[in-house]
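Hi there,

Here is the structure I promised to pass on to you. Have a look at it first, and then read my notes below.

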Amino acid sequence: MNDISDIAHLVELAVAPVFLLAGIGALLNVVTSRLGRVVDRARHLEDRLYAPRNDEEAARARTELISLDRRMLLAQRAIFLFSTAALLICLVVAAIFIGEFIDLAVPALVAMIFIATMFAMIAGLALFLMEISIATKVLRVRADLFSK
């Protein structure tokens with residue numbers, strides 16, 4: 001690798017994974033924001049359980065806390081998978097450059113790391129969809145509030 005055009009070509013190869021890295025960062029931002037909101041809601045409900053107005057309110061709070069706990073777990077796992085995907089993308093970019101500088105054939109390694117990245121993304125997105133599904137099923141407006 002002696003020519004500036006060789007380095008320019010490597011940078012071109014690294015641009016697509018870097019854009020993917022930006023997308024993963026956006027997904028991490030969304031999921032961590034949702035996790036923060038879920039944690040805040042859980043803390044609020046826990047405080048209300050210490051002094052419930054009646055048994056019905058306590059039961060409703062416990063039911064919601066169960067779903068919030070499940071949502072927190074799913075969001076944490078999605079964050080782990082998205083972070084893993086981001087790390088793997090960084091490895092792809094590093095492998096592209098290192099392979100060229102020490103004259104190693106790394107296409108198979110890069111492909112395997114990229115495939116692992118896609119599996120981590122798929123699993124993270126599936127967990128994110130499950131978290132959203134739980135949120136929309138459990139957090140409905142109570143019918144008794146419509147009649148007032």
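**How the helices pack**

Helix 1 and helix 3 pass each other in a left-handed crossing (left-handed if the near helix is turned anticlockwise from the far one by less than a right angle, right-handed if clockwise). Helices here are DSSP runs of H or I with at least four residues, strands are runs of E with at least two, and both are numbered from the N terminus. Before going on, please note that this is a predicted model, in which local features need pLDDT of at least 70 and side-chain atom pairs count only at pLDDT 80 or more, while totals for chains, interfaces and linings use all residues. Residues are numbered from 1 along each chain as its sequence is written, and side-chain values use heavy atoms, leaving out hydrogens and water.

The axes of helix 1 and helix 3 come within 12 Å and cross at roughly 30° (axes are lines fitted to C-alpha atoms, for helices over the stretch in contact, and angles run from 0 to 180 degrees between N-to-C directions). These two helices are therefore roughly parallel (angles under 35 degrees; over 145 is roughly antiparallel, 65 to 115 roughly perpendicular, and the rest oblique).

Now for helix 2. Its axis lies 8 Å from that of helix 1, at an angle of about 160°, so helix 1 is roughly antiparallel to helix 2. Their contact has 35 nonpolar, three polar and nine charged residues (Ala, Val, Leu, Ile, Met, Phe, Trp, Tyr, Cys and Pro count as nonpolar, Asp, Glu, Lys and Arg as charged, and the others, Gly among them, as polar).

Helix 2 (residues 55-101) and helix 3 (residues 107-138) also pack at about 160°, with axes 8 Å apart. The contact between helix 2 and helix 3 has 26 nonpolar, three polar and four charged residues.

**A link between helices**

How many salt bridges does a search of the whole structure find? The search finds five (a salt bridge is a side-chain nitrogen of Lys or Arg within 4 Å of a carboxyl oxygen of Asp or Glu).

Enjoy exploring!
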